[in-house]
Amino acid sequence: MESVQTKKMMKTLLALIPVESPLYSFHPVSRLLLFVITGFIPLFINMPELNFMFAVVVLLLFIYSKVALSSLKMYLPVILCAGIFTFLTFIFFPGKDPDYKVIGHVFGLALYDQPIMNAFIAYSKILALLLSSIFYFSTNRERDILAALRTLKMPFVASYVLGLSLRSAGMFLEDLHTVREAEQARGLDYAAMKFTDKVKLYSMYIIPLISLALRRSDEISNALFVKGYSLKSSGKRADYILTKYRFSASDVATCVVLILLLVLIVYFKYRYQWFGSDHSLFQYVIK
Amino acid sequence: MNMKMNANVWSLNEGELRTPQMNHVIMMALFIGVGVVVGTFGSLAVPLGFVSAFWPGQAIQSVGCIWFGMWGGIASIVFPLISNAIAGSASIAVSLAYAPGNFLQGILAGWAFRFFKCDPRLKSGKDWAVYTVFGGILCNAIGAAWGVMVLRMFGLISPSSTLTVFLGWSIGNTVPSFILGAILLKFVSPLIVKSKSFCKKYWA
């Protein structure tokens, strides 16, 4: 039963996702565009409620794509700490403005309306951007990213470097795992170690890992040389990965809608001053 | 004797011709991977949103530029884009705005080691001094100044917290990156300077 389930799941850069995820009906270019556009939209919006809604939409996309929301657990500290830090900076360093109004006190510190509003704006943007970023890497594999970039005619060397970089991060972690297992096999007890010793040990891991990377670079460059690849002329070659994806009408529609959405948001923001904090519900609540 | 050894690391041997090779590109790609892991770990270990207060990835930038010149500089730009996205510590727009700061943060040490003819193996007091000033303090100050400027531009920190965030960022990054960078230079440089990937000039 377990093996059947494993076959149906696919490992992305950050999570496990079912092979039949509806998201995979979209071409990698559409998914990449979604990542780029959603990485910009919250920056133009100064209404926290809209950015929080945006974050909810991204969470719904997680559910639609059948990504287990439990994979977001590791980001909870990031989400919480970022919020605490953002609010603390605006509470402790509100700045001076005669128009500020005191709306309360915390630990003897006055809370002013505008800095608290600004904290909400900043945090809502951070949350929305963070979730959209995690969404992309939770739903895409290294080969999806490569397929998107090669479809967009990125030069072979650049896409190869990017692919190898992402793969290298995985190899680096595998090497680290091997080193740690070798230490444990020799009787190293992590649990009994002091914190300072653990810090020292972790710093020292980098030495064998970089040495392995150095050896690997020689092996890979030799292999490429033998296959006839060079920096200057890689020549035109058949791209197997691209044959696996088809840019359909729904992709065209998705890309148009996404680009239009960003253009409209930017247009209405700068032409009619929409999405400003003055129109926010939070402004009324705080006041 | 020491000066002679220092100069030898960077000076070309008679008849030695150095041009960018495939192994430089491959090493850069692998180094980006190393940076992604170290950078992501740093961002997740002390998560403060878009503000960086403990980021050992900076050591990878400085050391990469000392060893691999401009290839390290490119890696300094690329790996934070990926690690920030994976760790969720900055959006693509903010990461792109960080890029010039990341480049300066890395290349400063690479330039200083070549300009002052220092040995990447940190053999003399001068090597340590240049690494401390250019690879530890100055580069992090520049990176933090740039980072804080970007965050101000996007309205993600309060204007009056600028100085505090800058100090927290630069000091917080200097400590872990100085320690990790010193370990790398001291123990890995002897291997790197003998390898084909080592760049005596900026590109080869």
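Here is a short chat about a predicted model with chains A and B.

Colleague: Before we dig in, what kind of model is this, and what pLDDT do local features need?
Modeller: Residues are numbered from 1 along each chain as its sequence is written, with chains lettered from A and ligands numbered from 1 in the order in which they are written. It's a predicted model in which totals for chains, interfaces and linings use all residues, side-chain atom pairs count only at pLDDT 80 or more, and local features need pLDDT of at least 70.

Colleague: OK, chain B: how many helices does it have?
Modeller: Helices here are DSSP runs of H or I with at least four residues, and strands are E runs of at least two, both numbered from the N terminus. From the N terminus on, the chain B elements read α-α-α-α-α-α. There are zero strands, and the helix count is six.

Colleague: What radius of gyration does chain B have, and why does it agree with a compact globule?
Modeller: The C-alpha trace of chain B spans about 55 × 35 × 25 Å along its principal axes. The radius is taken over C-alpha atoms, and the globule rule is 2.2 Å times the number of residues to the power 0.38. For 204 residues a compact globule would come out near 17 Å, which agrees because chain B has 17 Å.

Colleague: And chain A, why is it called more spread out than a compact globule?
Modeller: Chain A has 11 helices and four strands. The globule rule gives 19 Å for 287 residues, so chain A is more spread out than a compact globule, with a radius of gyration of 24 Å.

Colleague: How far apart are the centres of the two domains of chain A?
Modeller: The bounds come from an automatic or database domain assignment. Domain 1 covers 1-140 + 248-287 and domain 2 covers 155-244. Taken over C-alpha atoms, their centres are separated by 32 Å.

Colleague: What percentage of the residues in chain B are buried?
Modeller: Buried means 20 or more other C-beta atoms within 10 Å of a residue's own, exposed means 12 or fewer, and partly exposed is in between, with C-beta atoms placed from the backbone. In chain A, 32% of the 287 residues count as buried. For the 204 residues of chain B, the value is 58%.

Colleague: Which helix of chain B gives the most to the side that touches chain A?
Modeller: Contact means C-beta atoms, placed from the backbone, within 7 Å. By that test, 49 residues of chain B meet 56 residues of chain A. Elements giving two or more residues to that side of chain B are α2 (22-45), α3 (57-87), α4 (92-115) and α6 (162-192). The one that gives the most, with 15 residues, is α2(B).

Colleague: Which residues does B:Val34 contact, leaving aside neighbours within four places in sequence?
Modeller: B:Val34 is among the residues with the most contacts inside that core. Its contacts are A:Phe172, A:Leu209, A:Ile210, A:Ala213 and B:Ile60.

Key:
Contact = placed C-beta atoms within 7 Å. Core = buried A, V, L, I, M, F, W, Y, C linked by C-beta atoms within 7 Å.
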